[in-house]
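Here is a short report for a first look at this structure. Keep the sequence and the 3D view side by side as you read.

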Amino acid sequence: VSEIATLPLEFDNNESYEHRSVRLVISYDSLVEEVVITQEAKSHRLMITEVTPGLEAISSKGGRFDISFYCNTKWKARVDYTDGMLLSLSANEGNLSSTISVNVNKNDDPDNEKKAVVTISADGCQDIDIHLAQQRNE
């Protein structure tokens, strides 16, 4: 005799950044069945929330601006590219949401604007590139 039974299962949200599994063993008389159920991990998030002041054009005199971002995991920040723009970051890594300051030195070049790319990355997230352009010295 064959019977079909439905077993309702409920799972809490997985707030971990790791997959988790449970082994379900069902037995009836001499029959034993095993099922492994795996729950996805919580997804990582990284997004820019504000850049102050705006990055339309950084003055040739340099200055400081802040990049604020939401992140629910560990993150890293780095200068990926520069063609002579002198800059520094207030932090290179951290955990969770943050604000980092970018300090840009004066551009003494009267002929060329300077460019740079600051990259913020986090595990499981797409990198965010922030393109900077500094005005030439007039």
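## A leucine in a loop

Leucine 96 is found in the loop between β7 and β8. Strands here are DSSP runs of E with at least two residues, and helices are runs of H or I with at least four, numbered from the N terminus. The phi of leucine 96 is near 75°, a positive value in a residue other than glycine. Most residues other than glycine have a negative phi. Leucine 96 is partly exposed, at 43% relative accessible area. Buried means under 20%, exposed over 50%, and partly exposed in between, using a 1.4 Å probe and protein chains only.

## About the model

This is a predicted model, in which local features need pLDDT of at least 70, side-chain atom pairs count only at pLDDT 80 or more, and totals for chains, interfaces and linings use all residues. Residues are numbered from 1 along each chain as its sequence is written, and side-chain values use heavy atoms, with hydrogens and water left out.

## The hairpin

Strand β1 covers residues 20-28, and strand β2 covers residues 31-39. They run antiparallel and are joined by nine bridges. Two strands count as paired if DSSP finds at least two bridges between them. Tyrosine 28 has leucine 31 in β2 as its bridge partner.

β1 and β2 form a hairpin with two residues between them. Aspartate 29 sits in that turn. Its phi is near 55°, again positive in a residue other than glycine. Aspartate 29 counts as exposed because its relative accessibility is 72%.

## The open sheet

Four strands make an open sheet in the order β7-β5-β9-β10, with antiparallel pairing. The edge strands are β7 (93-95) and β10 (128-134), and each pairs on one side only. Neighbouring strands of this sheet are turned by 20° against each other on average, direction ignored. The axes are lines fitted to C-alpha atoms, for helices over the stretch in contact, and angles between N-to-C directions run from 0 to 180 degrees.

Strand β9 spans residues 114-122 and pairs with β10 over seven bridges. Threonine 119 has aspartate 129 in β10 as its bridge partner.

## The core

The largest nonpolar core has 22 residues. Such a core is a set of buried Ala, Val, Leu, Ile, Met, Phe, Trp, Tyr and Cys residues joined through side-chain atoms within 4.5 Å. Among the residues with the most contacts inside this core are Leu46, Ile67 and Phe69.

Isoleucine 67 touches residues including Ile48, Val102, Ile120 and Ile130, not counting residues up to four places away in sequence. Contact means heavy atoms within 4.5 Å.
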